[in-house]
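I opened my notebook to look up a ligand site and a handful of residues. Here are my entries, in the order I made them.

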Amino acid sequence: MEYILSTYNLSVSFDDKKVLNDINSRFKSNKITAIIGPSGCGKSTFLKTLNGMIYENSEAIVKGDVFFKDKEFFDLKIETVREKIGMLFQSPVPFPLSVYKNMEYALRYYGVKRKRREEIIIEKLKVTGLFDEVKDSLNKSALKLSGGQQQRLCIARALTIEPEILLLDEPCSALDVNNTLNIEKMLMKLKEKYTIIIVTHNLSQAKRIADETMFMLDGEVIEFSNTASIFNNPSDNRTKEYISGLFG
Ligand code: ADP
Ligand code: MG
């Protein structure tokens, strides 16, 4: 299955304000796709449609379809959509519990046995590069970790239930360079197993890590293509202006 997630003529309005306008998009499996575009163009709203969260907002009028593989969201249970498509936000939100309890939370909910929980927790802390940093302080409050560690913990926690897709909304915008590079390194590794869609307003970040890039403007997709052609050979003048820093 080359495309794991897609939208057809997707529009979202709040009252009579159209925030997303007829979005057609297809996301490739096991790739990193960056979503770029100026503030207010609808990136976060779009991400919220990609894991069904938008349907919970009674003020949002949603038209068009979202497909996970060959299934329309409406034919899937919302729990299934949530399990398969994890979402993370700009500021990490660990629970006010220990590192271990954060990691254990969903696994307990799903009734995973203690021994197996432990294995999964260690594995996910390792893939996010956190294990060595926290192995001696697993009982420490997660809120005592640094911002970068909290962000990686939230990603590790999301991975415990084995999603297939991770949606990340500007996960590095509050982080310093080293933490940002750490997260980027982690994402490059994670794409072997997961599909990653990341909103970023850091264009160099998109260039560094994204296989594909989608450029949005005023609720529309202007250009969606492989990252090298977006940045080296954009076909739309607005893309050219945005990536050269003329606005945004
Ligand atoms: P971005 O993430 O690209 O900055 P957003 O998706 O957050 O953009 O917002 C796009 C537009 O939708 C903005 O004009 C914002 O004010 C509007 N918007 C987002 N959420 C709501 C909401 N719950 N109610 C009304 N307007 C909203
Ligand atoms: Mg946003």
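**Entries on loops, helices and a ligand**

I looked up glutamate 170 and found it in the loop between strand E7 (165-169) and helix H7 (177-190). Helices (H or I, at least four residues) and strands (E, at least two) are DSSP runs, numbered from the N terminus. Phi of glutamate 170 is near 45°, a positive value in a residue other than glycine. Is glutamate 170 buried or exposed? Glutamate 170 is buried, because its relative accessible area is 13%. Buried means under 20% relative accessible area, exposed over 50%, and partly exposed in between (1.4 Å probe, protein chains only).

**How the model is read**

I noted that this is a predicted model, where local features need pLDDT of at least 70, side-chain atom pairs count only at pLDDT 80 or more, and totals for chains, interfaces and linings use all residues. Residues are numbered from 1 along each chain as its sequence is written, chains are lettered from A and ligands numbered from 1 in the order in which they are written, and side-chain values use heavy atoms, with hydrogens and water left out.

**Another positive phi**

I turned to asparagine 9 in strand E1 (residues 3-14). Its phi is near 45°, again positive in a residue other than glycine. Asparagine 9 has a relative accessible area of 44%, so I marked it partly exposed.

**Around ligand 1**

Which residues surround ligand 1? I listed Phe14, Lys17, Val19, Pro38, Ser39, Gly40, Cys41, Gly42, Lys43, Ser44, Thr45 and Asn57. A residue is near a molecule if one of its heavy atoms lies within 4 Å of it. This shell divides into four nonpolar, six polar and two charged residues. Here Ala, Val, Leu, Ile, Met, Phe, Trp, Tyr, Cys and Pro count as nonpolar, Asp, Glu, Lys and Arg as charged, and the others, Gly among them, as polar.

Next I checked the polar contacts (pairs of N or O atoms within 3.5 Å; within protein, one must be able to donate a hydrogen and the other to accept it, and residues adjacent in sequence count only if both atoms are side-chain atoms). A polar backbone atom of glycine 40 is 2.7 Å from an oxygen atom of ligand 1. For a backbone N or O atom of cysteine 41, the distance to a ligand 1 oxygen is 3.3 Å. The side chain of lysine 43 has an N or O atom 2.9 Å from an oxygen atom of ligand 1. Taken alone, ligand 1 exposes 570 Å², and the protein buries 64% of that. These areas come from the Shrake-Rupley method with a 1.4 Å probe; for residues, only the protein chains shown count as cover.

Which elements give two or more residues to the shell around ligand 1? They are strand E2 (17-28) and helix H1 (43-50). H1 gives the largest share, three residues.

**Alanine 210 and threonine 227**

I found alanine 210 in the loop between H8 and strand E9 (212-217). Alanine 210 counts as buried because its relative accessibility is 9%. Threonine 227 lies in helix H9 (residues 227-232). Its side chain reaches the backbone oxygen of alanine 210 at 2.8 Å. With a relative accessible area of 5%, threonine 227 is buried too.

**Two sequence gaps**

Leucine 203 lies in helix H8 (residues 203-209). I marked leucine 203 as buried because its relative accessibility is 19%. Leucine 203 and alanine 34 are 169 residues apart in sequence, and their C-alpha atoms are 9.2 Å apart. Alanine 210 and cysteine 41 are also 169 residues apart in sequence, with 20 Å from C-alpha to C-alpha.
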